[in-house]
Amino acid sequence: MSFQGKKNNPRVTSDKLIIKGGKIVNDDQSFYADIYIEDGTIKQIGENLIVPTGVKTVDAYGHIVIPGGIDVNTCLQAPHLGMTPADDFYHGTRAALAGGTTMIIDHAVPEPGASLLAAYDQWRDTADKRSCCDYSLHLDITRWHDGLFEELEHLVKDKGVNSFLIFMAYKDKYQSSDTQIYEMFSAMRELGAIALVHAENGDIIEEEQKKLLDLGITGPEGHVLSHPEEVETEAVYRAVTIAKQANCPLYITKVMSKPAADVIAKARKKGMVIYGESIAAGLGADGSHYWSKDWAKAAAFVMSPPLSPDTSTPEYLSSLLSCGDLQLTASAHCTFSTAQKAVGKDNFTLIPEGTNGIEERMSIVWDKAVATGKMDENDFVSVTSTNAAKIFNLYPRKGRIAVGSDADIVIWNTKETKIFSAKSHNLTVEVNIFEGMECRGFPVVVISQGRIVLEDGKLNVTEGSGRFIPRKAFPDFVFKRIKARGRMADARGVPRGNYDGPVHDVISMTKSVPATPTTRGPSCPGKTPLGPARNLHQSGFTLSGTQMDDHIPRRTSQKIVAPPGGRSNITSLS
Amino acid sequence: MSGYQGKKNIPRITSDRLLIKGAKIVNDDQSFHADIYIEDGVIKQIGENLIVPGGVKTIDAHGRMLIPGGIDVHTRFQMPDRGMIAADDFYQGTRAALAGGTTMIMDHVVPEPGVSLIAAFNQWREWADHKSCCDYALHVDITEWHKGMQDELEALVKDHGVNSFLVYLAYKDIFQLSDSQMYEVFSVIRDLGAIAQVHAENGDIIAEEQKRILGLGITGPEGHVLSRPEEVEAEAVNRAVTVANQTNCPLYMTKVMSKSAADVIAQARKKGTVVYGEPITASLGTDGTHYWSKNWAKAAAYITSPPLSPDPTTPDYLNSLLACGDLQVTGSAHCTFNTSQRAVGKDDFTLIPEGTNGTEERMSIIWDKCVVTGKMDENQFVAVTSTNAAKIFNLYPRKGRIAVGSDADLVLWDPDTTKIISAKSHHLAVEYNIFEGIEVRGAPLVVISQGKIVLEDGNLHTTEGSGRYISRKPFPDYVYKRIKARSRLAELCGVPRGLYDGPVCEVTVTPKVMTPVTSGKTSPVKHVPQPVRNLHQSGFSLSGAQIDDNVPRRNTQRIVAPPGGRANITSLG
């Protein structure tokens, strides 16, 4: 993959670095070696490396050296009701680096009906100027119509996008109907892209919201009451069903509840190509805070799907992450200041959604999963970096410490602890949902593009130094199985010649009923079903010849009569 | 129980008196030996050495089982489809039902979209009153939904004795409802005390699959099952369960055809949902391998939706679930079409009219598959063929039980007879029988409907039009006791926290006005009531009791409280 260099931005790529004495941890093994970095790339790994003189040495003694984290779900620019998130590409990526994440994949969200390409350009433009670490983009499909296929194709083939998000929630805004989802899944499978799904049943949510507002419940607790976890689970189940039919790889963003995670785990057991993404908030906090008497605090937790009020959820999700039923972690970082959240102070449905997590993610996963012995350091690398790189076709450039890979490296302190607080975090937002949480494990040195950006607790980032990383279609990790299934799945008809018995006359009214009561979202310009041409004269029907059940011996006591229409051809029905 | 709705013009014989001696009476809870005396279509006495008038006709049961007549909860006799009418009408259908030991049927009223539910209901009443040979009741299918229909539902429940309505999640652009509509219908149904029945298949996926399969050039009946994989059924069941949980509405899944759909129901019951599942004769007695038959007419005869599963282990699995109580009732979904009617879809499987036979075979097939094999005992057999249906649909104990005061709908059951099901010997009008050649043990010896012997010595003596419409009251106890308790519990409370008075970002409030194409038949929009926003009022206070007051604060934490409540976040534990 060629780097897409940007001419105008200052970049320091001539750094030469050697990391000494650390234990290198990849997803498959750990070993002690030194790493030599030049021009933003890992050049040598081994002991007693021969390197130029005067190279800066980073001492990693006593720490582990891991591939930089990849945060696959951020929303650093998507506006809500005209408000932009409090943490933009600069603040967001800065905080990411501070937490040990060296690459993000952000969601570009076009207004419904707007061009995906325009949104892509707009996001590229901002991110190129502001981002401090490498980034890539998912495109959200906020309204589907057939004409969009060309845009998808263009994005996949020329723009380095291989993942698109579909909404099953946000009725009358972003929500797609099952028919549309089926069409999008089919399009994505053809293009070799991954279907991301925001899974919640928007129809039910809207009804529940009406009901709660009618009851006079207007506070943030209304948000979680109107988004019960069954609604998330139902949508996951439905997405799985459609993906199975369309033979499309499926990726569920933000798995927030136990039953939703269970559906994913079950689907995997049945052989589905499906991935589940847990997020920092889901692993580190629960939904009991929605009932806080402090409105600002309660509102800070508002996101969709919401945090589960079931306090055993975080532990359950981290167990599933450890055993491989869920595969990767993100932050879904999308923050709004209290003043912005307060737009919904009298109506919870207006509260802009999203929580922080971009900075805390790696530490939370370490503390909840590795420190507790649920996973080892290699699993940790898998769920924070490698799996993401594999799924989204960034591997082995990202997600691995190997010669030739990008020098996105984190030196991780596994022993000491750190306390999260809005007073000390690197975000602009006033409330941190992990306030007061003490976590083991944090980065001591962060290297992005071969440059040290965090050292001795000091951040040294360069605005605009982040590069857009294009991703190719058909990631092997995902599509090898899909391709094999596509070859297998050819359905075949039964060759039986034409029926030539009597045919009843009908008033042809099938599907001519005009109204379309069924779609859950705005309907797309209809493709008319292509009925095969019906040739009334042709007939190849025959009652002689081989039959499917010829090999079954007929009982002699049965008479076999064969009048036209084939009535008594029913012999053994076993 | 409501009074009988007598029909004046139709001859009825209710003065029959009948004594059955030496029967083993089988109810769903117990079996016992007793005599039983019937007069005026009602069971008058049960016991030994009964004192009865002289000259009463006596049947000697010789210790055979006497069971409550079967209730077939799902039939579609005489159903219109694109100008065609199902081959078995109310006369043929109920006659066949009686021949098989079923003494009551519940038929589905299917209004054409656009036709009033009440008009359709009256139409079905008229057909059935003239033709039905056994008692019947009617479910009403909701084939489209808008808010105004609430009154119609109310009228049907309160004045016409209907307590069950069916919604379709399949048949896109014809009958299918959206999730929002389903939610509204369920809410209305719960308030009225009725039962929500669901035809569970994801119509959106099916429509896409049909296009794809036709595009591949597959036009035969196998395309029907290929375009309706069982995941699509399970998905819709799961969705209906979710919506029913949210609306606290009792749910009833018609035609459970696949293992995975049955599993979803079983799971939901384990989680406490009030949900019932109805497997049908076809899914209990045969499987979907026949769709690949080289004989088009035979393959087409099996077309029904959801389709029979091609997995041949499905019938056995469903019978097991029926035996263990995860599924509760059985219907036949009897809706037959002649081969020439089926042939309308000879070049396009999507046009083949749907439905299979089963009303006559239902009782024998369940006996053969469940009781003979030892999966269930005779009492459970009564439960799944009759009693549970009577309880769910509020016919109990008038129907579904042998007790003094109950209707004399009785079947003297011979567990030892065997017979081979065949189109040559069945009592249906249709030329095909999907159970052709299957040998079953267990058959009715004598069938008594309304106190009158209708089957004896293998001869049927039915009277066209003698069937009565049985009206059903809402809020069946069996279903609604739990629902009522839950709605008392489910009161939601907000958090009293005073008004937020910190800074508020200015926005152009245009939420949800994007509503562009909310699809054809949406219900008239209810506006979301926006709570009045008074910018001057403020009761916000940072002092006072807090929810986490009981949590001891660590004294190392500073608590700062600037306006906007920023640092009020203390222990997030």
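The accessible surface of chain A amounts to about 20,300 Å², and 51% of that belongs to carbon and sulfur atoms; such areas come from the Shrake-Rupley method with a 1.4 Å probe, and for residues only the protein chains shown count as cover. For chain B the accessible surface is about 20,000 Å², of which carbon and sulfur atoms hold 51%.

This is a predicted model, in which local features need pLDDT of at least 70 and side-chain atom pairs count only at pLDDT 80 or more, while totals for chains, interfaces and linings use all residues. Residues are numbered from 1 along each chain as its sequence is written, chains are lettered from A and ligands numbered from 1 in the order in which they are written, and side-chain values use heavy atoms, with hydrogens and water left out. The model's scores are ipTM 0.75 and pTM 0.81.

Chain A contains 15 helices and 19 strands, and chain B contains 15 helices and 18 strands. Helices (H or I, at least four residues) and strands (E, at least two) are DSSP runs, numbered from the N terminus. Of the 574 residues in chain A, 63% are buried; of the 573 residues in chain B, 63% are buried. Buried means under 20% relative accessible area, exposed over 50%, and partly exposed in between (1.4 Å probe, protein chains only). A contact means heavy atoms within 4.5 Å. Among chain A contacts between residues at least 6 apart in sequence, 77% join residues at least 24 apart.

Confidence in chain B comes next. Its mean pLDDT (the predictor's confidence in each residue, from 0 to 100) is 87, and 86% of the residues of chain B reach 70 or more. Over residues 1-14 of chain B, pLDDT stays under 50, and the model has 33 contacts for them beyond four places in sequence. Residues 551-573 of chain B also have pLDDT below 50, with 46 contacts in the model beyond near neighbours in sequence.

In chain A, helix α13 (residues 361-370) is mostly covered, with 9 of its 10 residues buried. Among them are A:Met362, A:Ile364, A:Val365 and A:Trp366.

Two helices of chain B show how such elements pack. Helix α4 (residues 179-192) and helix α7 (residues 230-247) of chain B meet at an angle of about 45°, their axes 9 Å apart. α4(B) is therefore oblique to α7(B): angles under 35 degrees count as roughly parallel, over 145 as roughly antiparallel, 65 to 115 as roughly perpendicular and the rest as oblique. Residues making the contact include B:Met182, B:Tyr183 and B:Phe186 of α4(B) and B:Ala240, B:Val243 and B:Ala244 of α7(B).

B:Val140 belongs to strand β10 (residues 135-142) of chain B and is buried, its relative accessible area being 0%. Beyond neighbours within four places in sequence, the contacts of B:Val140 include B:Val109, B:Leu117, B:Phe121 and B:Leu156. B:Ile118 is 22 residues from B:Val140 in sequence, and their C-alpha atoms are 9.1 Å apart.

B:Met376 sits in the loop between α13 (362-371) and α14 (378-392) of chain B. B:Met376 is also buried, with a relative accessible area of 4%. B:Leu322, 54 residues away in sequence, has its C-alpha 8.7 Å from that of B:Met376. Leaving aside neighbours within four places, B:Met376 touches B:Leu322, B:Ala323, B:Cys370, B:Val371, B:Phe381 and B:Val384.

Technical notes. Axes fitted to C-alpha atoms, helices over the stretch in contact; angles between N-to-C directions.
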